[in-house]
Amino acid sequence: MKRDAGPAAPAILKGLESMESILALIEEDVHLRRVTAHELSGPCPECGGDDRFRVWPEQGRWWCRRCEKGGDAIQYLREFHGMGYREACAELGIEPQAPRQNRQKPQWTPKPADTPCLFWQEKAREVLARAEEALWSSSGERARTWLSKRGLSEETVREAPLGYLKEDERPARERWGLVRELNDDGKPKRLWLPGGILIPLIRGVQLMRLRVRRPKPDPPYVMISGSSSCPMALGNCGLAAVVVESELDGLLLHQEAGDLVTVVALGSASIRPDQEAFEILAQVETILVALDSDDGGVKEAWTWWREHFSQARRWPVPIGKDPGEAWQGGADLRAWVLAGLVGDAQEAFEERAAIMEYEGNLEQREAEWMALKIMGGEAN
């Protein structure tokens with residue numbers, strides 16, 4: 001419920017000097033509980049619920065995943081206390097800013113992916129073939145166990161196809177068709193192929209990228225020089241899409257819910273869709289933006305995606321910061337995706353899917369997909 005902003009309203013902290021003080025402002029209205037080191041949740045002051053209202057105190061930001069309202073402390077007072085901009089600034093003890101003249105958002109146009117040269121691809125295929133063989137040998141047992149603990153089935157790993165590099169390799173850059181570069185000491189730079197899980201990106205007949213998930217955390221991921229930075233798109237169901245960061249999370253979601261959604265794995269929160277990924281995303285009715293629940297992921301989900309895709313909504317995982325951690329924490333990723341697609345119609349959806357499964361003698365996944373498609377058509 002909104003509260004009056006008049007004299008009868010409880011006093012709200014003046015002089016919001018620290019971003020963390022937004023907690024004191026919001027907790028005048030609702031009780032918040034901590035869900036991660038950087039995020040709190042609670043009921044929305046307007047639409048209620050239990051944990052749909054999210055607050056990131058270090059950023060001084062808040063957001064309701066049902067109302068899809070969000071902003072800073074000023075916007076909070078405007079939305080839930082009925083204040084105007086200047087009144088909210090006065091309440092917070094900050095100086096209002098003059099409006100910027102002729103402010104325009106920069107235009108963004110998706111670009112075609114940079115395809116590596118054929119010589120690079122040939123060398124990359126040789127390494128990938130060797131890494132695949134190593135993954136399924138005795139030396140790759142620990143790597144297979146690690147992938148299994150992330151929820152990836154043997155079928156998913158083979159189809160990806162993932163590989164394993166037992167140790168670091170440093171071939172000459174020229175052997176991969178790359179430009180010769182020198183270190184500070186004047187010696188030629190070598191191409192770094194670190195040991196770890198090898199993750200390829202293959203589009204049609206083109207090998208676009210090799211990325212390595214290292215066992216060491218600094219850095220955990222290394223993209224092999226010469227690779228394309230384009231996103232990984234898995235499936236093309238045409239109905240909905242989920243956007244995540246890491247390719248391993250993308251493979252896991254595709255495994256669990258690939259019949260319901262197209263999965264786009266960016267590789268990093270700052271990567272933008274290339275032309276191919278954009279064409280897929282532009283056609284779907286719903287985009288669930290599930291970038292990692294850390295500072296970078298939250299910022300990107302808050303700003304860029306909503307500005308460029310009207311059908312995008314932020315849909316953080318219920319546990320942890322990404323789908324992999326959520327799966328390890330016991331979350332049902334398929335149910336999480338379905339909840340993001342059907343929203344308040346969850347009960348009606350489950351009933352319709354159950355009827356279609358029984359009367360149509362369908363598999364559960366097929367019945368869910370058909371029910372989701374029918375409900376989407378009815379909504380339109």
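This is a predicted model: local features need pLDDT of at least 70, side-chain atom pairs count only at pLDDT 80 or more; totals for chains, interfaces and linings use all residues.
**View 1. Helix H2 packs against helix H3.** Helix H2, which covers residues 73-80, and helix H3, which covers residues 85-92, have axes that lie 9 Å apart and form an angle of about 120 degrees. Because of that angle, H2 is described as oblique to H3. From H2, the residues Ala73, Ile74, Leu77 and Arg78 make the contact, while H3 contributes Tyr85, Ala88, Cys89, Glu91 and Leu92.

**View 2. An open sheet is built from 5 strands, E1-E2-E3-E4-E5.** The strands of this sheet follow one another in that order, and their pairing is antiparallel. Strand E1 (33-36) and strand E5 (70-71) stand at the edges with a single partner strand each, so one side of each has no neighbour in the sheet. Within the sheet, strand E3 (residues 48-56) is paired with strand E4 (residues 61-64) through 4 bridges in the antiparallel sense, and tryptophan 56 has arginine 61 in E4 as its bridge partner. Helix H2 packs on this sheet, where it touches strand E2 (39-44), E3, E4 and E5, and the direction of H2 makes about 40 degrees with that of E4.

**View 3. A second open sheet has 4 strands in the order E6-E7-E8-E9.** The pairing here is antiparallel, and the edges are taken by strand E6 (163-165) and strand E9 (221-223), each of which has a single partner strand, so that one side of each is left without a neighbour in the sheet. On average, and with direction ignored, neighbouring strands of this sheet are turned by 30 degrees against each other. Strand E7 (residues 196-203) and strand E8 (residues 206-213) run antiparallel and are joined by 7 bridges, with leucine 201 standing opposite arginine 209 in E8.

**View 4. Strand E11 is buried on both faces.** Of the 5 residues of strand E11 (residues 240-244), 5 are buried, so the strand is largely enclosed by the rest of the structure. Ala240, Val242 and Val244 belong to one side of E11, and Ala241 and Val243 belong to the other. Strand E11 runs parallel to strand E13 (residues 286-289), to which 4 bridges join it, and valine 242 stands opposite leucine 288 in E13. Strand E11 also runs parallel to strand E12 (residues 262-265), again with 4 bridges, and there valine 244 stands opposite alanine 265.

Terms used:
Residues are numbered from 1 along each chain as its sequence is written. Side-chain values use heavy atoms; hydrogens and water are left out. Axes are lines fitted to C-alpha atoms, for helices over the stretch in contact, and angles run from 0 to 180 degrees between N-to-C directions. Helices (H or I, at least four residues) and strands (E, at least two) are DSSP runs, numbered from the N terminus. Angles under 35 degrees count as roughly parallel, over 145 as roughly antiparallel, 65 to 115 as roughly perpendicular and the rest as oblique. Contact means heavy atoms within 4.5 Å. Two strands pair if DSSP finds at least two bridges between them. Buried means under 20% relative accessible area, exposed over 50%, partly exposed in between (1.4 Å probe, protein chains only).
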